[in-house]
Amino acid sequence: MLYRLRQSISRFMYGRYGIDRFHYFLMILFLIIAVANCFVRTFLLQLLQSGLLVYMFFRVFSKNIYKRSRENEWFLRGKSKAVDFINFQKNKASDKSHCYKKCPHCKSKLRLPRKRGRHTVECPRCKKDFKIRIFR
């Protein structure tokens, strides 16, 4: 009995997209909104919760695998950028012996020793010189 049920579900899901990282993110977001809706009880949260649930099921059962994988890639790129930004800010806050400046030409982030005064810096990426002023 259990084997036949498993086989029928497997046949039904064949050619469908299934579950990925973006689905897990949407599920966590759904649960957060559901908990918030228990306390606040607004129609907007209930509508958002229902919309997320419908979208999650739509993604799981979709046969357009190319579009769903592109959505997942978009999500993973955004997540990677957010994690990199948070890690950079954390390192920047804990590093007391260096300051961080942007190159005005190529916009790359430079880690410079914290020495007071005016300095001329050569960007290692674009090889252009520019002047900076470090206060503390």
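This is a predicted model: local features need pLDDT of at least 70, side-chain atom pairs count only at pLDDT 80 or more; totals for chains, interfaces and linings use all residues.
User: How much space lies in the largest pocket?
Analyst: About 150 Å³. A pocket is an open set of points on a 1 Å grid over the protein atoms alone, where a 1.4 Å probe fits, with protein on both sides within 12 Å along at least five of seven lines. Grid points are joined across faces, edges and corners, and the volume is the space filled by probe spheres set on the points.

User: Which residues line the largest pocket?
Analyst: K92, D95, H98, C99, Y100, K101, R114, R133, I134, F135 and R136. Lining residues have an atom within 4 Å of a point. By class, the lining has 4 nonpolar, 1 polar and 6 charged residues. Ala, Val, Leu, Ile, Met, Phe, Trp, Tyr, Cys and Pro count as nonpolar, Asp, Glu, Lys and Arg as charged, and the others, Gly among them, as polar.

User: Which element gives the most to that lining?
Analyst: β1, with 4 residues. β1 (98-102) and β4 (129-134) each supply at least two. Strands are DSSP runs of E, at least two residues; helices are runs of H or I, at least four; both are numbered from the N terminus.

User: New topic. Which residues make up the largest nonpolar core?
Analyst: It has 9 residues: C99, C103, L110, L112, V121, C123, F130, I132 and I134. β2 (109-113) and β4 are the elements that give two or more residues to this core. The largest share, 3 residues, comes from β4. A nonpolar core is a set of buried Ala, Val, Leu, Ile, Met, Phe, Trp, Tyr and Cys residues joined through side-chain atoms within 4.5 Å.

User: Where is I134, and is it buried or exposed?
Analyst: I134 is in strand β4. I134 is buried, with a relative accessible area of 6%. Buried means under 20%, exposed over 50%, partly exposed in between (1.4 Å probe, protein chains only).

User: What does I134 touch?
Analyst: C99, P113, R114, K115, R116, G117 and H119, not counting residues up to four places away in sequence. Contact means heavy atoms within 4.5 Å.

User: And G117 from its side? Which residues is it in contact with?
Analyst: I132, R133 and I134, leaving aside neighbours within four places in sequence. G117 is in strand β3 (residues 117-122). G117 is partly exposed, at 29%.

User: On to rings. How many aromatic pairs are there?
Analyst: The structure holds 9. Rings of Phe, Tyr and Trp (its six-membered ring) pair if their centres lie within 6.5 Å; planes under 30 degrees apart count as stacked, over 60 as edge-to-face and the rest as tilted.

User: Why is the F57 and F61 pair stacked?
Analyst: The ring planes of F57 and F61 are at 10 degrees, with centres 6.1 Å apart, so the pair is stacked. Both lie in helix α3 (residues 43-61), 4 residues apart, about one turn of the helix. F57 is partly exposed at 46% relative accessibility, and F61 is partly exposed at 35%.

User: Which residues do ring pairs link into a cluster?
Analyst: F22, F25, Y55, F58, W74 and F75.

Methods: Residues are numbered from 1 along each chain as its sequence is written. Side-chain values use heavy atoms; hydrogens and water are left out.
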